[in-house]
Amino acid sequence: MTQTTAPAATTTPGTPGTTRSRAARIALRTVQVLLALFYGLASALPKLIAHPSAVESFDKMGWGSAGMYTIGALELAGAIALLVPVLQSVAAMALSALMVGAFIVQLTVFDGQYAATPLILIVPLALIAWARRAHNADLLRLLRVTRRTV
């Protein structure tokens with residue numbers, strides 16, 4: 001006698017979506033955490049502690065320490081916001097805009113030496129912005145409620 005088994009269920013009882021969508025959500029969240037770590041530690045921190053390599057780069061651009069601290073603060077804010085559900089999409093869009101600027105600077109000031117890096121970072125940021133776009137409506141609702149109470 002042959003025994004047959006039913007195919008594995010693709011949904012978890014009581015939760016919407018499939019196993020594949022759960023895996024996609026986990027993968028996306030992992031990418032967000034990795035990007036937040038990158039922007040917070042590898043990119044913002046050297047600027048905020050005035051690491052000699054950051055100081056040298058910003059001096060070469062002619063932006064000095066004010067530009068360095070401003071970009072570092074923007075990157076740190078973006079890194080933190082990537083981890084806050086209601087801010088994820090907006091943070092990804094803002095960091096993408098920052099990467100467009102970094103790409104232009106790499107081409108014009110540094111002769112394109114590392115111009116691919118900002119472009120590579122834009123890809124997962126655009127994915128996050130698109131996948132988490134539903135949070136933008138939540139953010140707008142929050143801002144409207146806050147504005148009414150002020």
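What percentage of the 150 residues of the chain count as buried? And how do helix 4 and helix 5 pack?

A: Start with the whole chain. This is a predicted model. Of its 150 residues, 27% count as buried. The secondary structure comes to six helices and zero strands. Along the sequence the pattern reads α-α-α-α-α-α. Take the contacts in the chain with a separation of 6 or more: 62% of them join residues 24 or more positions apart.

Next, confidence. The pLDDT averages 89 over the chain, and 89% of the residues score at least 70. Over residues 5–14 the pLDDT is below 50. Beyond near neighbours in sequence, that stretch has seven contacts in the model. Where pLDDT is low, the predicted coordinates should not be read in detail. Among the elements, helix 3 (residues 64–81) has the highest mean pLDDT, 98. Helix 6 (residues 134–149) has the lowest, 87.

Now the pair itself. Helix 4 covers residues 88–108, and helix 5 covers residues 116–131. They pack at an angle of about 165 degrees. Their axes are 8 Å apart. Angles over 145 degrees count as roughly antiparallel, so helix 4 and helix 5 are roughly antiparallel to each other. Helix 4 passes helix 5 in a left-handed crossing.

Which residues make the contact? On helix 4 they are Gln88, Ser89, Ala92, Met93, Leu95, Ser96, Met99, Val100, Ala102, Phe103 and Gln106. Helix 5 contributes Pro118, Leu119, Leu121, Ile122, Leu125, Ala126, Ile128 and Ala129. By class, the contact has 15 nonpolar residues and four polar ones. No charged residues take part in this contact.

Phe103 lies in helix 4 and is part of the contact with helix 5. Leaving aside residues up to four places away in sequence, Phe103 touches Ala115, Pro118 and Leu119. Phe103 and Ala115 are twelve residues apart in sequence. In space, their C-alpha atoms are 5.3 Å apart.

Is Phe103 buried or partly exposed? Its relative accessibility is 22%. Buried means under 20%, so Phe103 counts as partly exposed.

Note on methods: Residues are numbered from 1 along each chain as its sequence is written. This is a predicted model: local features need pLDDT of at least 70, side-chain atom pairs count only at pLDDT 80 or more; totals for chains, interfaces and linings use all residues. Side-chain values use heavy atoms; hydrogens and water are left out. pLDDT is the predictor's confidence in each residue, from 0 to 100. Helices (H or I, at least four residues) and strands (E, at least two) are DSSP runs, numbered from the N terminus. Contact means heavy atoms within 4.5 Å. Axes are lines fitted to C-alpha atoms, for helices over the stretch in contact, and angles run from 0 to 180 degrees between N-to-C directions. Angles under 35 degrees count as roughly parallel, over 145 as roughly antiparallel, 65 to 115 as roughly perpendicular and the rest as oblique. A crossing is left-handed if the near helix is turned anticlockwise from the far one by less than a right angle, and right-handed if clockwise. Ala, Val, Leu, Ile, Met, Phe, Trp, Tyr, Cys and Pro count as nonpolar, Asp, Glu, Lys and Arg as charged, and the others, Gly among them, as polar. Buried means under 20% relative accessible area, exposed over 50%, partly exposed in between (1.4 Å probe, protein chains only).
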